[in-house]
Amino acid sequence: MELKPIPRDQRSMGGFDFFLLWFGAAISIAEIYVGNIMAPLGWGMGLAAIIIGHVIGNLPLALGGNLGCDTGLPTMYVLRPTFGRVGSYLATILNIIQLIGWTAIMLLLSGAAVQALIGEEYRSAIAIWIVAVGVVCIFWAAVGKSTFKWLQRVAVTLLGILCVIMTFALWSTYRKSGLAAPPEGSLPFGVGLDLCIALPISWLPLVADYSRFAKSTRGSFWGTYIGYFLGSCWMFALGIGSTLILNKPDPIATMAVVGLGAPALIIVLFSTLTTTFLDIYSSAVSALNLRPTTKERWFVIPAGILGIVVALLTPLTQYHRYEGFLILIGSFFVPLFGIALTHYFLMDYGKKKTRAFEWTAILSWAVGVIIFQIASRHFYFGGSLPAFIGSGAIYWLARKLERTR
């Protein structure tokens, strides 16, 4: 049985809704911690990597939303014409794994931040916090689009106000003490750029899950691009700035240093909710590609529970070691969507019967993963651009050669 697209007359999300959705997704402690990872670049090079990386990474994210607007279908399902029905299952399984991983990471970051704010003596309460926040995220994901749209508006407005307060507090501290020297250790500019591209790219497998509810393609595109660009650049800059200004390795805990312990705690809570419910909801929506006849709500609960369990089983001290996870996500999903967007915008998407496997796309994807791994080690600007452009070009050329036979 085929999955039914969302009818045009049932789509209710405008450009401002998408701005809030992706601005809220970007206001995240995960993004602040990535900014912290980039602190060895220093303020000038770090800011350059942030802006360039988000200009690049947000483009495929926003373009990916066009697939949902035009078809009314979620992301993993619209990969079927490109990779084949069974071929798309591999992308779906990888996406579900990464989303459960992201759920666990967000809950771990939340727990670690709370522990840093309230003190080591309350360590036993962190597990309770992780479970409680995870349960609220499951509920938020299960209530459906009509409700989470209003929840998002309230939460994002509050988050924006709190982050403005945090920014002014850091600025006041900077005016008094200036910038500290970048932390020891080296970070190649290309790796920093890949990290900045990897964050918006990590949302690409989710974007059509929400843009299928869009009233217009233009509203979805610009709401997504501007919302995520502004929110994510801001959080990355806060991560670098808090490290260089306060000269401490933990950007959330340092908020207590400038008298922002309580606001930081609220930011931790609401940023975890506005980001993690997207991971849980899209885990369920992605699973519809495997079983289209099942209601998405039946997948929400097990996906959320798995994320909670993984978070509880992972040592809290490992929360900050997810740079490799981001690069791994990029290595798979950057070339995947280089191919998918090439097929959709430049070729014959949807004009032929979908087969079980589209081997040209699958093999081009495999080559793209290899390109990413090699380029990320040896190319100054990282692996994302070579893998995205290279995999799309290889797929386009291979399909052209097929037609000349």
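Residues 24 or more positions apart account for 88% of the protein's contacts with a separation of 6 or more; contact means heavy atoms within 4.5 Å. The model is predicted: local features need pLDDT of at least 70, side-chain atom pairs count only at pLDDT 80 or more, and totals for chains, interfaces and linings use all residues. Residues are numbered from 1 along each chain as its sequence is written, and side-chain values use heavy atoms, with hydrogens and water left out.

The protein has 15 helices and zero strands. Both are DSSP runs, numbered from the N terminus (helices: H or I, at least four residues; strands: E, at least two). Of the 405 residues, 59% count as buried, that is, under 20% relative accessible area with a 1.4 Å probe and protein chains only.

Helix α2 covers residues 29-37. Nine of its nine residues are buried, so α2 is largely enclosed by the rest of the structure. Among them are Ile-29, Tyr-33 and Ile-37. Glu-31 is also buried.

Helix α2 packs against α10. Their axes come within 7 Å and cross at roughly 50°. Axes are lines fitted to C-alpha atoms, for helices over the stretch in contact, and angles run from 0 to 180 degrees between N-to-C directions. The crossing is right-handed, meaning that the near helix is turned clockwise from the far one by less than a right angle. Helix α2 supplies Glu-31, Ile-32, Val-34, Gly-35 and Asn-36. Helix α10 supplies Tyr-228, Ser-232, Met-235, Phe-236, Gly-239, Ile-240 and Thr-243. These divide into six nonpolar, five polar and one charged. Ala, Val, Leu, Ile, Met, Phe, Trp, Tyr, Cys and Pro count as nonpolar, Asp, Glu, Lys and Arg as charged, and the others, Gly among them, as polar.

Helix α10 (residues 217-246) also packs with α9 (residues 189-211). Here the angle is about 145° and the axes lie 12 Å apart. This crossing is right-handed too. From α9 come Leu-195, Cys-196, Leu-199, Pro-200, Trp-203, Val-207 and Ser-211. From α10 come Ser-220, Thr-224, Tyr-228 and Phe-236. The contact has eight nonpolar, three polar and no charged residues.

Helix α14 (residues 359-378) has 20 residues. From first C-alpha to last it reaches 29 Å, close to the expected 28 Å, which is 1.5 Å times one less than the number of residues. Its buried residues include Trp-365, Val-369 and Phe-372.

Terms used:
Buried < 20%, exposed > 50% of the residue type's maximum accessible area, 1.4 Å probe, protein only.
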